2 protein chains.
Amino acid sequence: VPRSGRRPAGSGTRPAIAGAARRQFAALGYDRTSLRSVAAEAGVDAALVTYFFGTKQELLVSVVELPFDPDQVVPAVFADGPAAAGGHLARFVAHALDDAAVRDRLTGLVRAAASEPEAAALLRDLVQDRILARVVAELDAPDADLRAALIGSQLVGLVMARVVLAVEPLASLPTATVAAALAPTLQHYLTGPLA
Amino acid sequence: VPRSGRRPAGSGTRPAIAGAARRQFAALGYDRTSLRSVAAEAGVDAALVTYFFGTKQELLVSVVELPFDPDQVVPAVFADGPAAAGGHLARFVAHALDDAAVRDRLTGLVRAAASEPEAAALLRDLVQDRILARVVAELDAPDADLRAALIGSQLVGLVMARVVLAVEPLASLPTATVAAALAPTLQHYLTGPLA
């Protein structure tokens with residue numbers, strides 16, 4: 001008979017730990033999330049967290065995934081050509097941030113990256129290798145790397161301002177208005193003159 | 001005779017503590033900076049940190065100042081009218097980030113804000129009340145609040161991407177190129193059509 005309040009190490013244990021870790025990294029930040037607090041929320045022994053995921057840093061790397069698949073999103077953003085990609089990207093990002101699960105994952109990533117050098121390297125690699133490299137391939141321009149990095153700067157800043165800092169009126173702005181405000185910026189970084 | 005390695009509580013003690021705190025908040029983030037570690041770097045007893053500044057949260061609020069005076073900078077940015085303000089603001093920010101002391105203060109603020117709800121509120125208030133409100137006053141438009149918040153999102157994102165995450169090639173881009181790339185974005189948020 002399993003102990004009261006603890007779940008046995010069955011097939012649902014790993015996803016339960018991953019879900020609790022994702023939620024706590026987003027809500028508490030990296031430093032205040034512990035293997036013990038994750039174990040408590042998942043209703044398992046702390047030793048099981050270590051067994052499945054290793055250290056806290058390894059837990060972060062394991063559970064933090066992009067909340068969308070760049071291999072699908074990036075081609076869709078460029079489906080109508082580079083000149084329309086700014087608007088498509090702005091709409092995709094604004095709508096993605098409306099989804100609580102997506103928002104939690106992104107804010108967890110940004111929070112951890114701001115407080116923890118290893119998490120900063122992880123976020124940088126995720127963004128550069130999984131998203132920006134795909135954007136660069138679609139753009140096929142000599143300064144595509146810089147264009148992708150500038151897009152990244154505005155999108156990380158949007159997550160910070162709209163969600164983490166909750167600067168008004170941006171925090172409560174309707175999705176379509178956010179998208180309309182960002183579209184010319186993203187289009188400029190994609191295809192406008194940079195110098 | 002003062003104890004070896006400790007400085008007496010003289011006139012230089014408070015600035016020495018403030019300098020150590022500013023450096024550690026920037027380099028280590030809020031959570032890994034402690035009253036004890038600040039005291040050690042300043043060469044004083046930890047009790048003196050508490051005596052001069054109170055809690056760690058109060059220490060953060062005391063030492064974190066904007067690295068420039070918005071009452072001087074904002075009018076200078078608008079000196080040639082709103083149509084030239086985007087370029088002036090982009091150049092000011094790009095050059096400010098070249099200064100190691102400015103960069104340390106800004107990254108300390110952004111790092112603390114990302115990991116700590118009280119620091120997020122502090123940064124939001126600093127940015128909204130001291131900087132954006134001045135920009136709003138200069139713009140004198142019905143949607144000036146939103147324009148100021150959008151500018152804030154791009155500037156916080158620039159600090160994250162160029163300094164905290166160090167995304168290349170943005171991290172090592174020459175100052176003038178950063179300013180040229182950002183100017184049209186900031187000008188759009190200042191005076192362009194948002195919807």
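How much area is buried between chain A and chain B, and what percentage of it do carbon and sulfur atoms give? About 3500 Å² is buried between the two chains, and carbon and sulfur atoms give 65% of that area. Buried area here is the accessible area (1.4 Å probe) that two parts lose on being put together, summed over both.

This is a predicted model, in which local features need pLDDT of at least 70, side-chain atom pairs count only at pLDDT 80 or more, and totals for chains, interfaces and linings use all residues. Residues are numbered from 1 along each chain as its sequence is written, chains are lettered from A and ligands numbered from 1 in the order in which they are written, and side-chain values use heavy atoms, with hydrogens and water left out.

**View 1. The interface of chain A and chain B.** Contact (heavy atoms within 4.5 Å) involves 44 residues of chain A and 44 residues of chain B. The rule finds 12 residue pairs in polar contact across the interface, both residues at pLDDT 80 or more. A polar contact is a pair of N or O atoms within 3.5 Å; within protein, one must be able to donate a hydrogen and the other to accept it, and residues adjacent in sequence count only if both atoms are side-chain atoms. Salt bridges between the chains number 0, where a salt bridge is a side-chain nitrogen of Lys or Arg within 4 Å of a carboxyl oxygen of Asp or Glu.

View 2. On the side of chain A that touches chain B, α7 (100-115), α8 (117-139), α9 (144-164) and α10 (175-191) each supply at least two residues. The largest share, 12 residues, comes from α9(A). Helices are DSSP runs (H or I, at least four residues), numbered from the N terminus.

**View 3. The axis relating the chains.**

**View 4. The aromatic pair Tyr51(A) and Phe52(A).** The ring centres of Tyr51(A) and Phe52(A) are 5.2 Å apart and the planes lie at 70°, so the pair is edge-to-face. Rings of Phe, Tyr and Trp (its six-membered ring) pair if their centres lie within 6.5 Å; planes over 60 degrees apart count as edge-to-face. Tyr51(A) is exposed at 65% relative accessibility, while Phe52(A) is partly exposed at 25%. Exposed means over 50% relative accessible area, buried under 20%, and partly exposed in between (1.4 Å probe, protein chains only).

Definitions and conventions:
Phe/Tyr/Trp six-rings, centres within 6.5 Å; stacked < 30°, edge-to-face > 60°.
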